[in-house]
Amino acid sequence: MNGAAFPLFLSLRVALAALAVILPVGLVLGYLQARHDYRGRWLVDVLIVLPIVLPPSVTGYYLILVLGRRGLIGGPLYELMGVSVIFTFWAAVIAAVVVSLPLFIKFAQAAFNGVDPELEAVARTLGAGPVATFLRVSVPVAWRGLVAGAVLCFARALGEFGATLMFAGNIPGKTNTMTLEIWSAYQAGDDARAAALVLILTAVSVAVVLAFSRLERLQRKDRR
Amino acid sequence: MSRGLAFLLVLVGAACSFNESSERDELVVSAAASLREVMTAAALSFKETHPSLSVQLNFASSGALRQQIELGSPAEVFVSASTEHVDRLVESGLVASADRRIFARNELVLVTTKEDIRSLEDLEDDAVTRVAIGDPRSVPAGKYSLQWLEAEGLWERIQEKAVLGGDVRQVLSYLERGEVDAGIVYATDAKLVGLEPVWIASGPNAPAVEYEAALVGGSREPRAIARQFFDYLGSDEAIRELEAAGFIAP
């Protein structure tokens with residue numbers, strides 16, 4: 001029995017890498033959705049929410065259709081450059097990003113909605129550009145909601161199972177994240193290993209929920 | 001409020017109505033994934049003499065099926081792709097040692113979609129980046145593949161390239177979709193999808209692939225209908241069907 005350390009650190013690495021993609025993209029998209037009304041905004045909203053509702057196996061299937069070795073993008077990529085992302089660490093990261101980015105965008109949108117537009121207007125009249133206003137006024141004011149969203153999104157990425165199983169495979173030493181390893185250990189009848197991994201993930205989840213509820217309470221206090 | 005309650009009751013009622021099949025005469029058979037077609041055919045033939053019977057077939061890796069049986073799955077007949085999983089059920093008292101029988105044999109083959117792979121050794125080439133086998137921890141085909149590669153002294157270099165399937169048919173589907181360069185499956189699986197094996201396990205390094213059928217009993221005596229099906233699997237008719245699908249008679 002090889003240790004539980006590899007799957008644990010792999011899961012953390014995948015979730016952190018996913019977060020590194022999600023935070024910038026999610027902040028911008030969340031802000032745009034909260035502040036700007038444009039044609040087709042509803043469509044973007046629907047597309048953002050969709051992965052939250054789609055079953056992970058459906059998401060995994062789409063990922064294979066698009067990025068598999070014979071996929072819409074994955075096909076040419078493999079033919080021309082010999083690069084293929086399926087069954088790799090990056091496949092796990094992509095799966096995690098797709099399923100948890102929507103969560104963060106929704107939280108960011110709500111957090112930015114809670115920022116008084118007057119504050120931003122004042123910053124603009126004082127000579128701050130739109131980027132500076134965003135970075136120095138909107139983000140700092142909304143930070144608790146943003147952190148809460150990031151925490152939840154990190155937990156979702158850590159817990160990704162279905163799309164990862166389909167798209168990243170379950171390759172020991174490469175893509176066997178915690179959740180996949182629990183499944184394999186259970187399938188193989190290695191209950192001791194499954195139970196140890198389950199305990200670790202339960203502890204992580206409890207910590208996330210506690211952090212999240214604390215942030216929410218602080219946010220409510222802020223508003224009062 | 002009361003309307004909401006009524007709605008809930010309707011939901012619960014609907015959920016329960018989907019679950020009344022226990023009334024019918026039903027036999028649950030759990031079989032290794034590689035047996036999907038032959039077991040489906042065997043169940044159909046068996047039904048000809050038992051028209052009121054409904055045979056529910058459940059296919060997965062033998063390891064996963066064994067685990068389900070240990071946790072109380074309703075399977076009454078288990079056909080495993082390896083004797084090892086039946087051994088474990090005998091040990092845990094779920095199968096009587098008299099109620100097991102070698103059902104069929106099979107061969108392990110290397111299949112590929114690339115023309116430059118012509119032998120098992122070719123898997124070591126740097127041009128080959130992904131080789132699919134079943135997960136050795138729960139998929140017998142994977143365990144046999146691992147034994148084979150180890151005995152041939154190739155595992156160390158192929159390990160890096162291994163992509164593990166949840167059952168042997170997943171290995172096949174990875175290959176058909178072109179996600180992997182090569183895979184190790186049973187001869188019968190390759191035949192099924194019309195893939196010509198490039199290498200067949202033979203000689204002293206080839207693992208013996210033996211399917212074993214078992215009657216699941218535990219504390220209760222296996223039902224007569226389960227025993228009839230178990231006996232049918234050893235009949236001449238069933239063996240003819242097996243051989244037609246490319247299996248080797250026990």
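Biologist: How many helices and strands does chain B have?

Modeller: In this predicted model, chain B has ten helices and ten strands. Its C-alpha atoms fill a box of roughly 65 × 55 × 35 Å along the principal axes. Of the 250 residues in chain B, 43% are buried. Among contacts in chain B between residues at least 6 apart in sequence, 76% join residues at least 24 apart.

Biologist: What makes Phe87(A) count as buried?

Modeller: A residue is buried if 20 or more other C-beta atoms lie within 10 Å of its own. Phe87(A) has 26 C-beta neighbours inside 10 Å, so Phe87(A) counts as buried. Phe87(A) sits in the loop between α4 (74–81) and α5 (89–113) of chain A.

Biologist: What is the phi of Phe87(A)?

Modeller: Phe87(A) is not a glycine, yet has a positive phi of about 70°. Most residues other than glycine have a negative phi.

Biologist: Why is α1(A) called oblique to α8(A)?

Modeller: Two packed helices are described by the angle between their axes and the distance between the axes. Helix α1 (residues 5–35) of chain A and helix α8 (residues 143–159) of chain A pack at an angle of about 135°, with their axes 9 Å apart. Angles over 145 degrees count as roughly antiparallel and those from 65 to 115 as roughly perpendicular, while this angle falls in the rest, so α1(A) is oblique to α8(A). The crossing in which α1(A) passes α8(A) is right-handed.

Biologist: Which residues make the contact of α1(A) with α8(A)?

Modeller: On α1(A) they are Ser11(A), Val14(A), Ala15(A), Ala18(A), Leu19(A), Ile22(A) and Leu23(A). On α8(A) they are Ala150(A), Cys153(A), Phe154(A), Ala157(A) and Leu158(A). By class, this contact has eleven nonpolar residues, one polar and no charged.

Biologist: Why is α6(A) called roughly antiparallel to α7(A)?

Modeller: Helix α6 (residues 117–125) of chain A packs against helix α7 (residues 130–141) of chain A at an angle of about 155°, with the axes 10 Å apart. Angles over 145 degrees count as roughly antiparallel, so that is the term for α6(A) and α7(A). Their crossing is right-handed.

Biologist: Which residues meet in the contact of α6(A) with α7(A)?

Modeller: Leu119(A), Glu120(A), Ala123(A) and Arg124(A) in α6(A) meet Thr133(A), Val137(A), Ser138(A) and Val141(A) in α7(A). The residues of this contact divide into four nonpolar, two polar and two charged.

Biologist: Where do the domains of chain B lie in the domain assignment?

Modeller: The assignment gives domain 1 as 23–105 + 209–244 and domain 2 as 108–200. Taken over C-alpha atoms, the centres of domain 1 and domain 2 of chain B are separated by 27 Å.

Biologist: How many residues of domain 1 of chain B are in contact with domain 2 of chain B?

Modeller: Twelve residues of domain 1 of chain B are in contact with 17 residues of domain 2 of chain B. Helix α3 (residues 62–70) of chain B gives the largest share of the domain 1 side, three residues. That side has six nonpolar, five polar and one charged residues.

Biologist: How many residues does the contact take from chain A and from chain B?

Modeller: The contact takes twelve residues from chain A and 13 residues from chain B. The side of chain A that touches chain B divides into four nonpolar, six polar and two charged residues.

Technical notes
Residues are numbered from 1 along each chain as its sequence is written. Chains are lettered from A and ligands numbered from 1 in the order in which they are written. This is a predicted model: local features need pLDDT of at least 70, side-chain atom pairs count only at pLDDT 80 or more; totals for chains, interfaces and linings use all residues. Two residues are in contact if their C-beta atoms, placed from the backbone, lie within 7 Å. Ala, Val, Leu, Ile, Met, Phe, Trp, Tyr, Cys and Pro count as nonpolar, Asp, Glu, Lys and Arg as charged, and the others, Gly among them, as polar. Helices (H or I, at least four residues) and strands (E, at least two) are DSSP runs, numbered from the N terminus. A residue is buried if 20 or more other C-beta atoms lie within 10 Å of its own, exposed if 12 or fewer, and partly exposed in between; C-beta atoms are placed from the backbone. Domain bounds come from an automatic or database domain assignment. Axes are lines fitted to C-alpha atoms, for helices over the stretch in contact, and angles run from 0 to 180 degrees between N-to-C directions. Angles under 35 degrees count as roughly parallel, over 145 as roughly antiparallel, 65 to 115 as roughly perpendicular and the rest as oblique. A crossing is left-handed if the near helix is turned anticlockwise from the far one by less than a right angle, and right-handed if clockwise.
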